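Please keep the sequence and the structure in view while reading.

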Amino acid sequence: MTIAEKLYPPSVAPNPKKPSGRRRVRSRKRIGLAAWQLGTALLIAAVWTLVYESGLLSRELVPPLWDVAREFVTLAGTAAFWAALATTVSNALTGLAAGIVVGVPFGLLLGISQAAYRSAQFLIELGRSFPVIALLPVMVLVLGATSQMEIVVVFSGVLWPILVQTIYGARRIDPVIADTVRGYRIPPLLRFVKVVLPNAAPFAATGVRIAASASILIAIGVEVLSLTPGMGGNLARAQTDGAPALALAYVVYAGLVGLAMNKILWTVEGRALAWNRRATRSEP
Amino acid sequence: MTTAEHLDLLDERRARHPLAVKGLSKSYGEGSTAVRVLEDLDVRVEPNEIVCIVGPSGVGKTTLLRCLAGLLAPTTGAVMFGPTTMTGPILEVGVVFQDYSRSLLPWMRTRENVSFPLQGKGMRKAARRALADQCLNAVGLPDAGRKYPWQLSGGMQQRAAIARALAYQSEVLLMDEPFASVDAQTRFDLEDLVLHLRKRLGISVVVVTHDIDEAVYLADRVVVLSGHPAHVVDVVEVPFGQDRDQIQTKAEPAFTEARARILGRIRR
Amino acid sequence: MTTLLLPPARLLLRLLERLWLVAVLAAGWWFVSADSTSVYFPALSAIWDALVSGITSGTIRTDVTYSLTNIVLGLVLATIVGTALGILIGELERLRQVLDPFLQFVRSVPQSALIPIVIGALGIGQAPKIYMIAFACVWPVLLNTIDGVRAIAPEVRDMAKAYQIPHSLRLRRMVLPAAMPQIMAGVRVSLAVGVVVMVVSEIFSATVGIGHFINTAGSVFDISAAWAGTLVVGALGYLLSLAFIVVEKAMLGWYFKSAGASSGGATTRTRGKATK
């Protein structure tokens, strides 16, 4: 009996003979789970309301849940909100695109040349440990609180995961494959196209996925701090204007955008690299 | 194996109770979707006996072993240790898992691995250590205590796993495909170690294996499982006593005969 | 590691190979910017002077001490809470299923978006900043711990069951060490998140701290000092990640060595989930 069989006893494996019974059991379980989750949500709401009513925490931090919900719904009906959302997402994606355009080719280059890699290693370590947001005050001075500035900061943040993952993927070639390539005297160009690229692709994709969720976070962070137009800017302004419920509604939207981004990228990555599922997780 | 002199602490280990399953059936799932794996099994392991369970792969040998260990509850029937019905794992039954490289914890030295279950029983540190060292000696690993499991070879890791089961004062050792992933020579050595421990300590052993040669070489009785759901299709008595030899025993006509009979049973 | 075993000449060569590019870039910056009249890109020598004067006057030291205190306390708090909760949730599959959508959502919330709310509500003191860092850092640790606990081999769980290992011993000696590689991967991500939140919280509003130093310098158009502060943050980030590697080596000695032993030197294992 294999480990897989031990892990998943036959009841969990698909049983083509009697699908109806199985489905019934399953859906009953799912309803139970949903009920529990609903209960948890209600519990959170209850605790929140209790904290608000008791005044235990500042009411600026914990506004009435009802107000947040109302703002959340109202926001969706305003054009300004959708404009802010579009600005934030497009700035984040532009920075991300620039990161890919620079990061992937450089990553491949550094991945195939040992000498180049060793020379750049220290620089890369410095770069990836640098908190890009610290560039913000200087960048605001140089470029102003503009979308260009935001894009530059996003780019300097997302470059590193893409670069590092691509290098890692290009360098990490199975020794057996490497020997095979050497044994058959595959010429360098062919080797690059047929061996290095396919090998690096899943890792680069992972880097892009990490970078994509980072790009949204950086974009919103930049906006919050510099009051650059976008979701983050609106959020910070709502807070300083004394509208904590509106600010929290923006936070919820920001979370939803991040969640959606993650879901989309997982799906895209899964589709594009279905041939190489085993490599979807890799060195951070 | 020059380990007899180290075994004083282990001498109390002699098996006193039979381990038996009575009318055991095991199903996974419920109602109309249930899949029956084992049906109405009766197997009895007498004290100091070695019983091997063989059968085609996927037949449910491991399920049976997990029931014997108290890790799985039978759907119907019972697992009895002596006069008592088992409802979960008990002290007297030790398990040696198939995947030794995973069941030994890589963050503990080998000695700590062997004495870890004793810590759970509340034994004092000095006593744990002494017993662990004796058990490592008993399995022929006198110098491995300070090493980490991943610094040992596969065969040595499996010896360490056996030492852990011995240290747990088990009278019955359950082994799930214990030697499936070691090379042939190591495998013969480990088989002889099992025979030696049985003779020296008086323990009972249940070995699940797909290797018929191994089953006949080790066992006093071989239980053959087959079919879906699996049931006992044959029980073969092996008449070689406690002392066996890799070359001579395997050359006996009785060995060949038992082997052919089991193979025929599984094939059919 | 292996470089230490090389003969001195080879060692020197390796060091040169690693450092020349950074040195050339720094020198390039120094000379190209030497005659700079741009307000925004002052000469590197001017930045250097600002850095030195900041250090000698003691302001940078005070700021760095303050920032470091915040991030270390915040990260430690997050690690303790995240690991404890992560083990609890990872061990209780049902609880994990119920909480999963909530965890996924909270982790997707940009932590920096919460800073104005938290600081607006709790004030600009040190404690709110530490809580904020801890709050941001707890999620990667928590999610990684859950993953780590869930990834424990079924053989190990069977072993614990068969040998009747008591709960507390099992959690302490089996579950925690088994999940430790994943936990450390989470802490590594948290460190990066924490540095960002640290700087952001100080830029947003503070009276001390390296982020505050940069922000003040920027707002009075002392661009050299702002650049100097930015470089200090870079150095801080790098040194913190070096310190983390030392801690990780100490905590996970067995893990790196066993990976080396079982895969013949290729020590790259897949672990960790990047959440930023």
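C:A243 counts as exposed because 12 C-beta neighbours lie inside 10 Å, and a residue with 12 or fewer is classed in that way. The model in which this residue sits is a predicted one.

**The setting of C:A243**

- C:A243 has its place in helix α10 of chain C, which covers residues 223-251.
- From C:A243 to C:R10 the separation is 233 residues in sequence and 26 Å in space, taken C-alpha to C-alpha.

**Contact between chain C and chain A**

- The contact takes 56 residues from chain A and 54 residues from chain C.
- On the side of chain C that touches chain A, at least two residues each are supplied by α1 (8-32), α4 (93-108), α5 (111-122), α8, α9 (210-219) and α10 of chain C.
- With ten residues, α5(C) gives the most to this side of chain C.
- The residues of the side of chain C that touches chain A comprise 36 nonpolar, 14 polar and four charged.

**Contact between chain C and chain B**

- Here 19 residues of chain C are in contact with 19 residues of chain B.
- On the side of chain C that touches chain B, two or more residues are given by each of α7 (154-162), α8 (167-204) and α11 (253-262) of chain C.
- Six residues, the largest share of this side of chain C, come from α7(C).
- By residue class, the side of chain C that touches chain B holds twelve nonpolar, three polar and four charged residues.

**Chain A**

- Chain A has eleven helices and zero strands.
- Of its 284 residues, 36% count as buried.
- Among the contacts in chain A between residues at least 6 apart in sequence, 75% join residues at least 24 apart.
- Chain A is divided into domain 1, residues 19-62, and domain 2, residues 67-276.
- A distance of 33 Å lies between the C-alpha centres of domain 1 and domain 2 of chain A.

**The four-stranded sheet of chain B**

- An open sheet of four strands in chain B has the order β2-β1-β4-β5, with antiparallel pairing.
- Its edge strands, each pairing on one side only, are β2 (35-45) and β5 (84-85) of chain B.
- Strand β1 (residues 19-28) and strand β4 (residues 76-81) of chain B run antiparallel and are joined by five bridges.
- Opposite B:L19 stands B:F81 in β4(B).
- Helix α1 (residues 61-68) of chain B packs on this sheet and touches β1, β2 and β4 of chain B; the direction of the helix makes about 125° with that of β1(B).

**The six-stranded sheet of chain B**

- Six strands of chain B form an open sheet of mixed pairing, in the order β6-β7-β8-β3-β9-β10.
- The edge strands of this sheet are β6 (93-96) and β10 of chain B, and each pairs on one side only.
- On average, and with direction ignored, neighbouring strands of this sheet are turned by 20° against each other.
- β3(B) and β8(B) pair in the parallel sense over four bridges, and B:I50 stands opposite B:V205 in β8(B).
- α1(B) packs on this sheet, touching β3, β7 (172-176), β8 and β9 of chain B, and its direction makes about 150° with that of β8(B).
- Strand β3 (residues 50-54) of chain B also pairs with strand β9 (residues 221-226) of chain B, in the parallel sense and over four bridges; B:V51 stands opposite B:R221 in β9(B).
- β9(B) runs antiparallel to strand β10 (residues 231-237) of chain B, with six bridges joining them, and B:V222 stands opposite B:V236 in β10(B).
- Four residues separate β9(B) from β10(B) in a hairpin, and B:G227 in the turn has a positive phi of about 95°.

**Helix α6 of chain B**

- Helix α6 (residues 184-201) of chain B has 18 residues and reaches 26 Å from its first C-alpha to its last, close to the 26 Å expected at 1.5 Å a residue.
- The buried residues of α6(B) include B:L190, B:E191, B:V194 and B:R198.
- Among the elements that cover the buried residues of α6(B) are β3, α4 (125-138), α5 (154-167), β8 (204-208) and α7 (212-218) of chain B.

Note on methods:
Residues numbered from 1 in each chain as written. Chains lettered and ligands numbered in written order. Predicted model: local features only at pLDDT ≥ 70, side-chain atom pairs only at ≥ 80, totals over all residues. Contact = placed C-beta atoms within 7 Å. Nonpolar A, V, L, I, M, F, W, Y, C, P; charged D, E, K, R; others polar. Buried ≥ 20, exposed ≤ 12 C-beta atoms within 10 Å, placed from the backbone. Pairing = 2+ DSSP bridges. Expected span 1.5 Å × (residues − 1). Axes fitted to C-alpha atoms, helices over the stretch in contact; angles between N-to-C directions. Domains from an automatic or database assignment.
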